[in-house]
Amino acid sequence: MCILALVIGAMSLAGGARAETTPTGEDSSLSAKDKTFMKKAAKGGMMEVAMGQVAEQKAQSDDVKSFGKRMVTDHSKANDELKSIASKKGVQLPSKEHSGKWTSDKAYMDMMVKDHEKDLAEFKEEASGGSDPDVKKFADDTAKIVQEHLDLAKETQGKLK
């Protein structure tokens, strides 16, 4: 989830939101901002699962392996919930799997701290400023889990030499 996606989302809002059609041919009632959030959250969630799986296999530290396992469990659950909301709302989420490349325990944990700080801000923004109640509730509930992940990531990062 990056600045470029925010710029693209802002540009689409400025240029007028175009309604997407659902598989049944109906227009989705979601705002462009909600759709952008959902797509970014799906992409980020898939990355968290992929990197968590790699961490489980390749990390040297048991704490990092455990953190990776938690990312797989929690983000898989959130991804499934998001897919369910998207299906009901007629939003097509990205489906390309992220391929995780491992460099080191420290690099992974540094990335997790940075990503979760950024994600937390985006989830909180959607929870307070989104227009769809289901998407707002997902963002609010998930923000609490992302905060737990951030705290755990910082703790795990601090244990590494």
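Biologist: At roughly what angle do the axes of α2 and α4 cross?
Modeller: This is a predicted model, in which local features need pLDDT of at least 70, side-chain atom pairs count only at pLDDT 80 or more, and totals for chains, interfaces and linings use all residues. Residues are numbered from 1 along each chain as its sequence is written, and side-chain values use heavy atoms, leaving out hydrogens and water. Axes are lines fitted to C-alpha atoms, for helices over the stretch in contact, with angles from 0 to 180 degrees between N-to-C directions. Those of α2 and α4 come within 11 Å of each other and cross at roughly 155°.

Biologist: Is α2 roughly parallel or antiparallel to α4?
Modeller: The axes of this pair cross at roughly 155°. Angles over 145 degrees count as roughly antiparallel. The orientation of α2 to α4 is therefore roughly antiparallel.

Biologist: How many charged residues does the contact of α2 with α4 have?
Modeller: Contact (heavy atoms within 4.5 Å) joins residues of α2 including K33, D34, K40, E48 and K58 to residues of α4 including D105, D115, D119, E122, E125 and E126. Asp, Glu, Lys and Arg count as charged; Ala, Val, Leu, Ile, Met, Phe, Trp, Tyr, Cys and Pro as nonpolar; the others, Gly among them, as polar. The contact has 9 nonpolar residues and 3 polar ones, and its charged residues number 11.

Biologist: How many helices are there in the protein?
Modeller: Helices (H or I, at least four residues) and strands (E, at least two) are DSSP runs, numbered from the N terminus. From that terminus on, the elements run α-α-α-α-α. The protein has 0 strands, and its number of helices is 5.

Biologist: Within what distance do the axes of α2 and α3 come?
Modeller: Helix α2 covers residues 32-58 and helix α3 residues 62-89, and their axes cross at roughly 150°. The two helices are therefore roughly antiparallel to each other. Their contact includes A41, A42, G45 and V49 of α2, and G68, M71, V72 and H75 of α3; by class it has 12 nonpolar, 7 polar and 4 charged residues. The axes come within 7 Å.

Biologist: What is the reach of α3 from its first C-alpha to its last?
Modeller: Helix α3 has 28 residues. The expected span is 1.5 Å times one less than the number of residues, and for α3 this comes to 40 Å. The reach in the model is close to that expectation, at 40 Å.

Biologist: Which helices are included in what covers the buried residues of α3?
Modeller: Buried means under 20% relative accessible area, with a 1.4 Å probe and protein chains only. Among the buried residues of α3 are V64, F67, M71, H75, L82 and I85; these six also meet α5. The axes of α3 and α5 come within 11 Å and cross at roughly 170°. The cover includes α2, α4 (105-129) and α5 (133-159).

Biologist: Which residues does V54 contact, leaving aside its neighbours within four places in sequence?
Modeller: V54 lies in helix α2, and its 12% relative accessibility is why V54 counts as buried. W102 stands 48 residues away in sequence, yet the C-alpha to C-alpha distance from V54 is 6.8 Å. The contacts of V54 are A59, G100 and W102.

Biologist: What percentage of the residues in the protein is buried?
Modeller: Among contacts between residues at least 6 apart in sequence, 75% join residues at least 24 apart. Of the 161 residues in the protein, the buried ones make up 42%.

Technical notes: Angles under 35 degrees count as roughly parallel, over 145 as roughly antiparallel, 65 to 115 as roughly perpendicular and the rest as oblique. Buried means under 20% relative accessible area, exposed over 50%, partly exposed in between (1.4 Å probe, protein chains only).
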